[in-house]
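Subject: Structure handover

Hello,

Please find the structure below. My notes on it follow.

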Amino acid sequence: MALNNNDSAKESILDDVYASTDLSSRMPKYRFPEVERNPRHVYQAVHDELMLDGNSRQNLATFCSTWIEPEVHQLMDECIDKNMIDKDEYPQTAEVEARCVHMLADLWHAPDAKGTLGCSTTGSSEAAMLGGMAMKWRWRGKMRAKGKATDKPNMICGPVQICWHKFARYWDVELREIPMEGNRLIMTPEEVIKRCDENTIGVVPTLGVTFTCQYEPVEAVADALDTLQKNTDFDIPIHVDGASGAFLAPFVDPDLLWDFRVPRVKSINASGHKFGLAPLGVGWVVWRERNDLPDDLIFRVNYLGGNMATFALNFSRPGGQVVAQYYNFLRLGKEGYRKIHQACYHTAAYMADEIRKMGLFNVIYDGRGGIPALCWSLKDGINPGFTLYDLADRLRSRGWQVPAYSMPANREDLVIQRILVRHGVSRDLGDLLLGDLRRSVDYFEKNPVSTPLTEETAGGYKH
Ligand SMILES: Cc1ncc(COP(=O)(O)O)c(C=O)c1O
């Protein structure tokens with residue numbers, strides 16, 4: 001029922017949105033709506049509901065872009081109707097994607113950056129699937145050529161992001177994930193070599209491990225695999241999961257050998273929407289040389305006009321993110337990326353030092369030598385009257401999202417808290433967070449928690 005006597009046409013034009021009939025009753029939640037509604041009213045209802053999401057800029061759990069230049073907003077708007085797959089219809093978008101692939105191949109030192117293959121994806125997860133599939137196909141081809149069985153492929157990695165668990169399960173590959181041990185929270189060459197055999201399709205070091213943000217030692221692992229090859233005939237390739245690091249190391253740590261300068265590195269994935277600084281929805285995978293991507297993984301379709309090669313899990317996909325990525329490459333260049341990331345590293349190291357000074361925390365990673373981030377645990381043997389889950393909960397009351405979580409096997413006992421310092425997390429914002437962190441600790445000192453939160457009882461934001 002209308003709240004006033006205007007007829008409905010007049011009402012929808014003149015009434016304040018909150019005085020409208022639409023907003024005077026509940027919007028449908030779980031049943032498909034029967035009737036149409038005024039777009040202005042519906043927009044306001046949806047917009048208002050989204051206020052209950054956390055503020056993305058204070059989400060220090062995510063690796064993904066939360067600050068986007070106005071020009072990128074504009075390009076995204078202009079590309080909202082572009083389907084990445086329609087390469088014949090939108091040849092310039094396709095050209096822009098190809099240019100990005102070759103720019104990345106160049107950035108990552110592919111021997112023939114103009115001639116190699118790669119593609120955009122929805123993120124690193126899809127890129128990891130494609131890189132993993134290529135490894136499996138190459139291994140299977142080699143084994144078949146030798147007349148050997150191909151039913152027991154395995155892959156070796158350190159503590160990986162869940163996308164590699166998915167890859168292993170979806171594509172029937174045994175995942176030999178190196179467990180953490182004591183203070184060793186990443187892979188080492190020795191641990192890798194122990195697990196290699198002729199059924200190893202590849203080794204996947206992560207440049208920026210999700211749990212602690214440390215880099216795994218790509219060059220040292222490659223050297224160990226070279227020695228292994230001399231002693232056996234196992235020629236085991238490396239795929240680098242550079243979800244974060246592949247957009248950091250080239251700018252900030254150019255002498256670190258982790259990319260195609262290491263001959264054993266056959267493919268690399270990266271998230272454009274993390275330190276590539278593009279908006280959400282773009283990842284990349286690039287192969288060292290054309291031959292490293294088996295031809296029978298590439299499909300050719302003629303129903304879009306032309307004869308198009310495609311290698312991806314999805315068909316339709318938005319084109320704007322790829323265009324925005326290209327904009328970033330032109331806009332920033334190596335110089336711009338370096339400045340942005342360097343500022344983040346300085347802030348991460350500063351925050352880590354400040355947190356260390358508080359005396360309660362053991363800083364596990366201090367923003368030096370990996371991703372611009374920091375993580376810490378509570379010092380052993382102290383009882384400060386709260387858990388890191390309590391601290392995360394308390395910080396949440398000021399809008400900060402600083403996750404606490406336990407480590408994977410074999411350090412499930414270790415609970416840490418982590419902050420990602422991304423584009424837009426300025427020194428000033430960092431100081432504001434540190435102030436709230438100190439106030440929270442003071443609060444707990446005066447009001448010790450009687451029932452501390454645990455992994456099971458924390459995370460009360462789910463419905
Ligand atoms: C190391 C690593 N690999 C893969 C992924 C998955 O990336 P995406 O979210 O782009 O699919 C992440 C995400 O955080 C990651 O940190």
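In which loop is the place of Asn 410? Asn 410 sits in the loop between strand 12 (404–406) and strand 13 (415–420). Helices (H or I, at least four residues) and strands (E, at least two) are DSSP runs, numbered from the N terminus. The bond between Ala 409 and Asn 410 is a cis peptide bond, with omega at about -5 degrees.

Two notes on the basis of all this. Residues are numbered from 1 along each chain as its sequence is written. The model is predicted: local features need pLDDT of at least 70, side-chain atom pairs count only at pLDDT 80 or more, and totals for chains, interfaces and linings use all residues.

Asp 172 lies in the loop between helix 6 and strand 3 (174–177). For background, most residues other than glycine have a negative phi, and most peptide bonds are trans.

Domains

The chain is divided into domain 1 (8–52), domain 2 (72–330) and domain 3 (341–446); these bounds come from an automatic or database domain assignment. The centres of domain 1 and domain 3, taken over C-alpha atoms, are 41 Å apart.

Ligand

The ligand is surrounded by 15 residues, of which the closest are Gly 123, Ser 124, Ser 125, Gln 161 and Ala 243. A residue is near a molecule or strand if its C-beta atom, placed from the backbone, lies within 6 Å of it. Helix 5 (residues 124–145) gives the most to this shell, with three residues. By class, the shell has four nonpolar, ten polar and one charged residues. Here Ala, Val, Leu, Ile, Met, Phe, Trp, Tyr, Cys and Pro count as nonpolar, Asp, Glu, Lys and Arg as charged, and the others, Gly among them, as polar.

Helix packing

Helix 5 packs on helix 6 (residues 162–170) at an angle of about 40 degrees, with the axes 9 Å apart. Axes are lines fitted to C-alpha atoms, for helices over the stretch in contact, and angles run from 0 to 180 degrees between N-to-C directions. Helix 5 and helix 6 are therefore oblique to each other; angles under 35 degrees count as roughly parallel, over 145 as roughly antiparallel, 65 to 115 as roughly perpendicular and the rest as oblique. In the contact, Ser 124, Ser 125, Ala 128, Met 129 and Gly 132 of helix 5 meet Cys 163, Trp 164 and Phe 167 of helix 6. Two residues are in contact if their C-beta atoms, placed from the backbone, lie within 7 Å. The residues of this contact of helix 5 with helix 6 are five nonpolar, three polar and no charged.

Helix 4 (residues 91–107) and helix 10 pack at about 50 degrees, with their axes 9 Å apart, and are therefore oblique to each other. Residues of helix 4 that meet helix 10 include Val 96, Cys 100 and Met 103, and those of helix 10 include Val 322, Tyr 326 and Phe 329. That contact of helix 4 with helix 10 divides into seven nonpolar, two polar and two charged residues.

Helix 10 (residues 320–357) also packs with helix 12 (residues 427–446), at an angle of about 20 degrees and with the axes 10 Å apart. Helix 10 and helix 12 are therefore roughly parallel to each other. Thr 347, Tyr 350, Met 351 and Glu 354 in helix 10 meet Arg 427, Gly 430 and Leu 434 in helix 12.

Regards
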